[in-house]
Amino acid sequence: MAEVPPGVKGMNDILPPEVSKWQFLEQKARDVLEAFAYRELRTPVLEYTPLFVRSVGEVTDVVEKQMYTFDDRDGRSVSLRPEGTASAVRAYIGEARWNKEPVTRWYYIGPMFRHERAQRGRLRQFHQIGAELFGAAEPSADAEMIAMLAAMFTGFGLPAAAVEVTVNSLGEPEERAAYRDALVTYYGGHLERLDDDSRRRLETNPLRILDSKNPDVIAVNAEAPVLLESLGAASRARFDRVRELLTGLGVPHRVDPRLVRGLDYYTSTIFEIKCNAGDLGAQNTVAGGGRYDRLVSSLGGPAVPAIGFALGLERTLLAIPDPAESYEPAISVFFAPLDPEAVAFVLPIAHRLRTGGVRVEVEHRPASLKAMMKRADKLRARAAIIVGGNEIASGKLTVKDLAQGTQSEVPVAELDAKVRQLLD
Ligand code: HAM
């Protein structure tokens with residue numbers, strides 16, 4: 001036999017029954033997003049590379065190490081999107097959306113691509129549900145966004161105790177510049193404990209050192225100056241207001257003054273959600289986001305404030321313990337025709353039920369009645385309809401109510417009504 005060509009490492013097929021759990025999660029998320037007046041945005045998975053370099057940041061793990069970047073046939077550098085915010089901002093500016101509405105609320109659901117070391121909860125093609133709000137700088141917009149994210153996790157059925165919201169503020173870029181100087185001085189005194197990556201970043205983007213996963217660097221970071229403590233009065237007051245509003249919304253949260261995010265565009269409020277449930281293991285950050293008030297202008301638009309988040313679908317799915325099978329929709333009616341003539345007879349009947357919205361499966365292959373009944377049970381069908389020569393001659397079908405274990409003869413003309421009655 002020929003060898004099966006392998007799938008790409010870190011990129012998975014999503015098959016039934018697993019896909020039912022995905023659909024459940026996506027639908028719950030859509031319900032919450034639509035209740036908060038968000039509308040769906042669909043952008044291409046491929047963008048010209050500079051979009052990500054200029055938004056996510058040149059000196060970030062995502063851009064330096066993880067992007068799928070190649071030249072297309074016209075010789076232009078393109079990248080598979082590693083995240084959704086940059087594309088949303090590109091579309092927002094391209095449409096001059098601020099001329100059409102004062103506040104824009106968009107969401108997206110789709111695959112993202114990062115060439116990371118694949119492991120549980122960390123993939124190379126993964127999926128995000130993201131939301132972006134453009135045009136409102138008020139602290140209430142931050143609180144609403146975080147509350148919406150928390151509401152999604154409640155909607156997924158995760159116990160509130162398993163979901164931890166952490167928040168921090170990065171302040172304004174000017175405040176970050178002063179902090180950057182403080183960091184350079186601090187790390188300058190601990191050069192021997194930094195790895196090569198961190199030493200290089202000391203020159204280019206010292207804040208990224210705080211995000212290092214190297215245990216030696218993490219130890220140095222533990223004593224590094226804390227940004228939140230060095231913020232000015234206005235930034236601190238704003239952050240306090242966001243927290244008050246969150247408390248008013250009933251969203252428990254914890255301040256993590258060491259929280260930094262892996263992408264460069266953030267300003268002011270940032271947040272993450274960790275989940276301690278199910279099968280997550282070490283990769284338990286299920287969602288993250290924050291304000292990015294300077295990104296629209298830095299990509300060529302006007303000074304429009306914005307805030308957003310994205311949650312990782314795969315990680316969220318791992319946190320939900322219920323087996324995928326429990327999300328599978330059951331077949332309502334299973335047709336068990338006893339010979340090819342009976343198949344031809346039931347096809348139009350099944351078709352009519354299907355176009356009326358009933359989930360119907362027809363056995364096409366020759367099979368024994370016993371085998372067909374076994375199949376109907378496996379499908380958790382509500383009814384099995386047995387058709388052979390007698391049924392065709394009499395025009396009455398044998399309907400087995402599989403929940404009650406009863407059986408009746410139903411004239412073809414009355415079948416729709418009978419099925420509806422069974423499904424009610
Ligand atoms: P992010 O923190 O890079 O933020 O990603 C958000 C979420 O995507 C993570 O919390 C995680 O659940 C999931 N995720 C990230 N990388 C992987 C991976 N390799 N495998 C599986 N899941 C992963 C952003 O992407 C920002 N665009 C969020 C945002 C929107 N900020 C403002 N607006």
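Let's start with a pair of strands: β1 joins strand β5 (residues 104-113) in the parallel sense over two bridges. Two strands pair here if DSSP finds at least two bridges between them, and strands (E, at least two residues) and helices (H or I, at least four) are DSSP runs numbered from the N terminus. Within this pairing, Arg 39 stands opposite Trp 106 in β5.

This is a predicted model, in which local features need pLDDT of at least 70, side-chain atom pairs count only at pLDDT 80 or more, and totals for chains, interfaces and linings use all residues. Residues are numbered from 1 along each chain as its sequence is written, and side-chain values use heavy atoms, with hydrogens and water left out.

Now step back to the whole sheet. It is open, with eight strands in the order β1-β5-β6-β11-β10-β9-β7-β8 and mixed pairing. Because β1 (39-40) and β8 (254-255) stand at the edges with a single partner strand each, one side of each has no neighbour in the sheet.

Helix α10 (residues 233-248) lies across β7 (163-169), β8, β9 (267-275) and β10 (285-291), running at about 160 degrees to β7. Axes are lines fitted to C-alpha atoms, for helices over the stretch in contact, and angles run from 0 to 180 degrees between N-to-C directions.

Helix α10 also meets helix α5 (residues 139-155): their axes come within 8 Å and cross at roughly 45 degrees. The contact (heavy atoms within 4.5 Å) involves several residues, including Pro 139 and Ile 146 of α5 and Arg 238 and Leu 245 of α10.
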